[in-house]
Every structure is written in C-alpha cells, then in structure tokens.
Amino acid sequence: MGKKALILGGSGGLSGILAKLAEENYEEIWILTRGKKIVEGKYRQLQVDRNDKRGFSETVLGAGVHWDVVFDCICMNASHAEQDLQVLSQCTERLVVVSTDSVYASEHKKILQAEEGIFVGDMQSEFEIPSYALEKRNAEKVFESYIKEKTKASSMKVTIFRPGHIFGPRFLFGCFPMQSRQKELLEIMKNGTIRLVGRGCYLLHPIYARDLAKVMLECVENTKTFQEFFCIGGPEIIENSTYYYLLAETMGIRIEIQEIPITGFLEKNPEYYGHLCHRAYDLSKLSNTGIKLPATGVKQGLEAQYQYWKEILK
C-alpha cells in the first residue's frame, strides 16, 4: 500500500505547492476544500466547509481512509484545532499545522525571536489586536494543551510552524503597509514612488513558499519535530524597504520610498498590529532537528514570483 496524505485547504497558495511537492513521496494525495476554486492536479478531493462541524466530521470520516499524514493549512481558530484533534485523530497519527508569527505580541518581540515569548492576549495591550492574531493564538493553545496532556506514544504526533511573510509563485506581492499584498502593486510601483510606514524600517524574515512546503514534508517522519512548535523563515533577514527595492530591481525599474509617519499610525490602522515590529526569528530549534533549513534568497524568490505573475497577467 502506498502512502497517503490529506491536505486541508489544497487550493490555496501554500497548500497547492505542498500538494505538488507531495507527489514525490505519496501515492495518494487527498485535498479538502470548499470547492470554490479549481484545483490543478490529479488529487482525490473532499468538499466541505470546515466551519460546518458535522459536515466536516462526516466527510472526513466517511472517506474511510487512514492517512499517513494530514497537513492543515487552514487552521484559523480554536474550533478548527479541536476538529483536528477530535476528528483527524481517528484517521491519522501525524498532523502538521501552519500557524503564524502574528501570535507574538508585537510590543514584546525580540531580535531574534525564539519559540518561547509573550503572545497576543498574554498581557494587556494599548493597541487593538486583530482578531486574526487572537484566533490563531487560541488555536495554538488547543494544541499546547493536547501536547502537555498526551504524552503516550500512541497519541497523534503534532508539529506546528509559525511562518512570517510567505512569498513566491501564487502569492500576491507586498509585505508592509501601506503596500501590503495587493494585485495592483506592480502597477503602482511603475509610477516610481511608493509610501511605507517608517519607510519600511522594520526587519522582515520572509520564507519562500516552496521552502516552507519542503520543510513541512521533511518533518513528517522526523521524531525531533513531534509535539513541537517552530519558528521558520528563509536564509535572509532584511528591512521591509529592501523587499521593495529588490522587487523594483527584478522589474527593471527604480523606485523612491516616501515615509508615512509611524506615530499614530497603528491607532488608526489596528489591522497592521503584527506588521509594525521586527519579524526576525531564531531558527536554532528547527536547525537542531536536522531538517535542512530554507535556502531560497529573497531576490531569487521574487524573480520566480515575478515570472509567475507575468505569465498570469499576459
């Protein structure tokens, strides 16, 4: 019998790349989506909205499959995490989850930030914290409790990754306000001027999507990654402004970056709470597992991303 993998959210940017790479190691690749996007590839499909708790359980268990691993790329809240533990534990012993670096409290982040830290909700903040960050952290707490309680060898083995900015083919350009991910960014940059908060002075630790997918696949049988959380980023830490200069270079243009004052910006735009801070991570814990760390540089990754969108926008 060949190995089987299930990917929750298989039509997304990361999950689509993950599914393609998984073809090398898995005979059967199943994907679970809402069915609203066309999925490329010859994959077995499960169609259900995971917010439909009963429908999710019936669809997943009704498939009658035991998967060697499940990759959850769309675990957005505590309810989703509980689904993973209550439903998926009946059909797999291995779970890999994508969380986010937004779970860290921006005011208290370090350079380099390790896995342990101060998280959103741990302390009172003077800023309004986006629900996305709070919900993702609530999901993590469910897994934390499970890991602490389930110490037997028979329990499901869980690994959670906290990527920051993911980039590469299938992803929109942009990483920082007020030029975050958007379809129009390339056209805006062609005008020669963009505006960034603080001129993009904060640090960024971007990870190429293909590299993240490779690490997720490599960790499946690595026992040192079982029941653990990991920060993850690429080989370079850059200022956000450098991202735009590199993108401009890739496009064959020059740009000027004008400053949006930092003072008062977050109070008016609380949705950028997780961006107005340094997002640079200590990868020592991941390195110590023996997994090969991401190696694609920002310039190389942006070039691949640019070529992808040139073809799409023809």
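Two residues are in contact here when they have heavy atoms within 4.5 Å of each other. With that in hand, let us look around this predicted model.

View 1. Start with the overall picture: the protein chain has 10 helices and 13 strands. Its radius of gyration is 20 Å, close to the 20 Å that the globule rule gives for 314 residues, so the chain is as compact as a globular protein of that length. The C-alpha trace spans about 55 × 50 × 40 Å along its principal axes.

View 2. Of the 314 residues in the chain, 55% are buried. The accessible surface comes to about 14900 Å², and carbon and sulfur atoms account for 47% of that surface. How do contacts link parts of the sequence? Among contacts between residues at least 6 apart in sequence, 76% join residues at least 24 apart.

**View 3. Val215 in helix H6.** Here we move in on Val215, a residue of helix H6, which covers residues 209–218. Is Val215 buried or exposed? Its relative accessibility is 2%, which is under 20%, so Val215 counts as buried. Setting aside neighbours within four places in sequence, Val215 is in contact with Phe161, Ile232, Leu286, Ile291, Lys292 and Pro294. For a sense of distance, find Phe171 as well: Val215 and Phe171 are 44 residues apart in sequence, and their C-alpha atoms are 18 Å apart in space.

**View 4. Met178 in a loop.** Met178 sits in the loop that runs between strand S7 (166–167) and helix H5 (185–189). With a relative accessibility of 36%, Met178 lies between the 20% and 50% limits and therefore counts as partly exposed. Which residues does Met178 touch, not counting those up to four places away in sequence? They are Arg195, Leu196, Val197, Ile260, Phe265 and Tyr272. Cys91 makes a handy landmark for this view: Cys91 and Met178 are 87 residues apart along the chain, with 44 Å between their C-alpha atoms.

**View 5. The second largest pocket and its lining.** Our last stop is an open space in the protein, the second largest pocket, with a volume of about 240 Å³. How many residues line the second largest pocket? There are 14, and those nearest the pocket centre are Phe127, Tyr202, Leu266, Leu276 and Cys277. Sorted by class, the lining of this pocket has 8 nonpolar, 3 polar and 3 charged residues.

Key. Residues are numbered from 1 along each chain as its sequence is written. This is a predicted model: local features need pLDDT of at least 70, side-chain atom pairs count only at pLDDT 80 or more; totals for chains, interfaces and linings use all residues. Side-chain values use heavy atoms; hydrogens and water are left out. On a 1 Å grid over the protein atoms alone, a cavity is a set of points where a 1.4 Å probe fits but cannot get out, and a pocket is an open set with protein on both sides within 12 Å along at least five of seven lines; lining residues have an atom within 4 Å of a point. Grid points are joined across faces, edges and corners, and a volume is the space filled by probe spheres set on the points. Ala, Val, Leu, Ile, Met, Phe, Trp, Tyr, Cys and Pro count as nonpolar, Asp, Glu, Lys and Arg as charged, and the others, Gly among them, as polar. Helices (H or I, at least four residues) and strands (E, at least two) are DSSP runs, numbered from the N terminus. The radius of gyration is taken over C-alpha atoms; the globule rule is 2.2 Å times the number of residues to the power 0.38. Buried means under 20% relative accessible area, exposed over 50%, partly exposed in between (1.4 Å probe, protein chains only). Accessible areas come from the Shrake-Rupley method with a 1.4 Å probe; for residues, only the protein chains shown count as cover.
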